[in-house]
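Q: Could you take a close look at the salt bridges in this one, and where their partners sit? I'd like the cut-offs spelled out, and then a word on the pockets too.

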Amino acid sequence: MSKVIVTDHPLIQHKLTIMRDKETGSKDFRQLLTEITMLMGYEVTRDLQLVDVEIETPVVKTTQKMISGKKLGIVPILRAGLGMVDGFISLIPAAKVGHLGLYRDPETLKPVEYYSKFPQDIDEREMIVVDPMLATGGSAVAAIDVLKANGAKSIKLVNLVAAPEGIAEVQKYHNDVDIYVASIDEKLNDHGYIVPGLGDAGDRLFGTK
């Protein structure tokens, strides 16, 4: 079974509370999402492999650690996932960024892929799927399906706020994918929104309704 890692650092909880407040505008919402993503990034990248390298400080030659091993790829689920890209890129400037667009079919209510573009060496990278909300889990499952179909072998899912129903859905279909969240909220309401949640993350990021 995949792991669920809740990164509940006091700074993250504080910033998330401000994001939840309906009076917080798009400018602050975007900035806070970037900051929380960066803070979560420390936990998401905790298992990166290190290698010994020899360098020379102003004082002496020494053997120290540098990151080795798998290269990283960031894949935002459009459109709200775009708000989490800068936080990761500021930590890992060499990461490649893919894009995945999904919309919900109004009749079947299933996610439908309308756009995808991934790094060519996707099979050699650890792919990090980012989306602020993990509600029903449908989009996350579909996104992971698409990544695996394109050759991804190592995938992590990073969300700001998750509902228990969404976590269960991802684990049902992709129990090899670890899930990183800042908060596991109470439930989904009758409209599929996370409670207490923070509303529609895309609308709040981009100032749309």
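**Salt bridges and their surroundings**

A: Let's start with Arg 125 and Asp 121, whose side chains meet in a salt bridge at 2.8 Å, N to O. A salt bridge here is a side-chain nitrogen of Lys or Arg within 4 Å of a carboxyl oxygen of Asp or Glu. Keep in mind that this is a predicted model, with local features needing pLDDT of at least 70 and side-chain atom pairs counting only at pLDDT 80 or more, while totals for chains, interfaces and linings use all residues. Residues are numbered from 1 along each chain as its sequence is written, and side-chain values use heavy atoms, with hydrogens and water left out.

Both members of that pair, Arg 125 and Asp 121, are buried (under 20% relative accessible area; exposed is over 50% and partly exposed is in between, using a 1.4 Å probe and protein chains only).

Across the whole structure, the search turns up 11 salt bridges. One to zoom in on is Arg 20 with Asp 185, at 2.7 Å from N to O. That pair links distant parts of the chain, 165 residues apart: Arg 20 sits in helix H1 (residues 10-20), and Asp 185 in the loop between strand E11 (178-184) and strand E12 (187-188). Helices (H or I, at least four residues) and strands (E, at least two) are DSSP runs, numbered from the N terminus. Arg 20 counts as partly exposed because its relative accessibility is 24%, whereas Asp 185 is buried, with a relative accessible area of 7%.

Another is Asp 203 with Arg 79, where the closest N and O atoms are 2.6 Å apart. Asp 203 belongs to helix H6 and Arg 79 to the loop between E4 and helix H3 (85-91), so this bridge ties together parts 124 residues apart in sequence. As for cover, Asp 203 counts as buried because its relative accessibility is 18%, and Arg 79 is partly exposed at 34%.

H6 also takes us to the pockets. Strand E4 (71-78), strand E6 (99-104), strand E7 (111-117), strand E9 (133-134), helix H4 (138-149) and helix H6 (201-206) each put at least two residues into the lining of the largest pocket. That lining has 26 residues, with Arg 104, Asp 131, Met 133, Ser 139 and Asp 200 nearest the pocket's centre. A pocket, on a 1 Å grid over the protein atoms alone, is an open set of points where a 1.4 Å probe fits, with protein on both sides within 12 Å along at least five of seven lines; lining residues have an atom within 4 Å of a point. The largest pocket comes out at about 750 Å³, a volume being the space filled by probe spheres set on points joined across faces, edges and corners.

The second largest pocket has a volume of about 250 Å³. It is lined by 13 residues, and Leu 109, Lys 110, Pro 111, Gly 138 and Glu 169 are the closest to its centre. H4 and helix H5 (164-173) each supply at least two residues of this lining, and H4 gives the most, with five.
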